[in-house]
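Me: I would like to go through this model with you, one question at a time. Please give the terms as we need them.

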Amino acid sequence: MRITVVGCSGSYPGPDSPASCYLVEAEAEGRTWRVLLDLGNGALGALHRYADPLAVDAVLISHLHADHCLDLCGYYVMRKYHPTGAQPRIPVWGPPGTAERMARAYDLPLDPGMTHEFDFRTWDGPVEIGPFTVTPVPVTHPVDAFGLRVAADGATLAYSGDTGPTPVLDDLARDVDLFLAEASFRTGDPNPPDLHLTGADGGQVAARAGVRRLVLTHVPPWHDPQDALAEARAAYDGPLELARPGASYEI
């Protein structure tokens, strides 16, 4: 399984990165299967550098904040009006109300909205997509939000999505090969509760859960990412780095 960082900026696109989007690929049945974890602002354009967007098999939305889902609008246009013709529907998993949220985002009538382009499905237990088994885990955020555990070919990835500290993260990340953990907050700041993690939070989860590699992501442009890295390093002594656009990991 290969994970490529398409965008990793927290809360909105930054000067060096789109918002959240991760391309996950695995070989099976004689071809490459591709899924996207989130498709936030600015990510669709950057995705062209790493894969043909029309070759994506599914989109997995962690929650319905703009920095995680809004480029579905551009993707809708691409799939509907591409010069080679309208593209087949692909599944989009997300929280309840994803189809309605995306229709409103593009000022479409709720019926049909984007349902001719996307087969919207609501998270409700594990799903199978080609070689991938994806397990959604409800996390702590002001809207319905899910961490995602993705397994394929003997490898496992965990993605925190956006979440405040919660015990479920330990199970989400248990023994995974790579943990993509958001690090939006800094320890010591007056952080609102139940919203985001610090670098220290991510490092502590990684240490408790036996994570083999920790990648910190979703650092907002107003923070120095090195602060998150230092916090995590104080809690976790395994392989650790900051996400950056274009970084690719084979697990």
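Reply: Axes are lines fitted to C-alpha atoms, for helices over the stretch in contact, with angles running from 0 to 180 degrees between N-to-C directions; helices (H or I, at least four residues) and strands (E, at least two) are DSSP runs numbered from the N terminus. The model is predicted, so that local features need pLDDT of at least 70 and side-chain atom pairs pLDDT 80 or more, while totals for chains, interfaces and linings use all residues. Residues are numbered from 1 along each chain as its sequence is written, and side-chain values use heavy atoms, leaving out hydrogens and water.

Me: How are helix 6 and helix 7 oriented, roughly parallel or roughly antiparallel?

Reply: The axes of helix 6 (residues 199–209) and helix 7 (residues 225–235) come within 7 Å and cross at roughly 30 degrees. Because angles under 35 degrees count as roughly parallel (over 145 as roughly antiparallel, 65 to 115 as roughly perpendicular, the rest as oblique), helix 6 is to helix 7 roughly parallel.

Me: Which residues of helix 7 meet helix 6?

Reply: Contact means heavy atoms within 4.5 Å. By that criterion, G199, A200, G203, Q204 and A207 in helix 6 meet, in helix 7, A228, E231, A232 and A235.

Me: Is H82 buried, partly exposed or exposed?

Reply: H82 lies in the loop between helix 3 (72–81) and strand 5 (90–94), and, leaving aside residues up to four places away in sequence, touches L54, V77 and Q87. Since buried means under 20% relative accessible area and exposed over 50%, with partly exposed in between (1.4 Å probe, protein chains only), the 24% relative accessibility of H82 makes this residue partly exposed.
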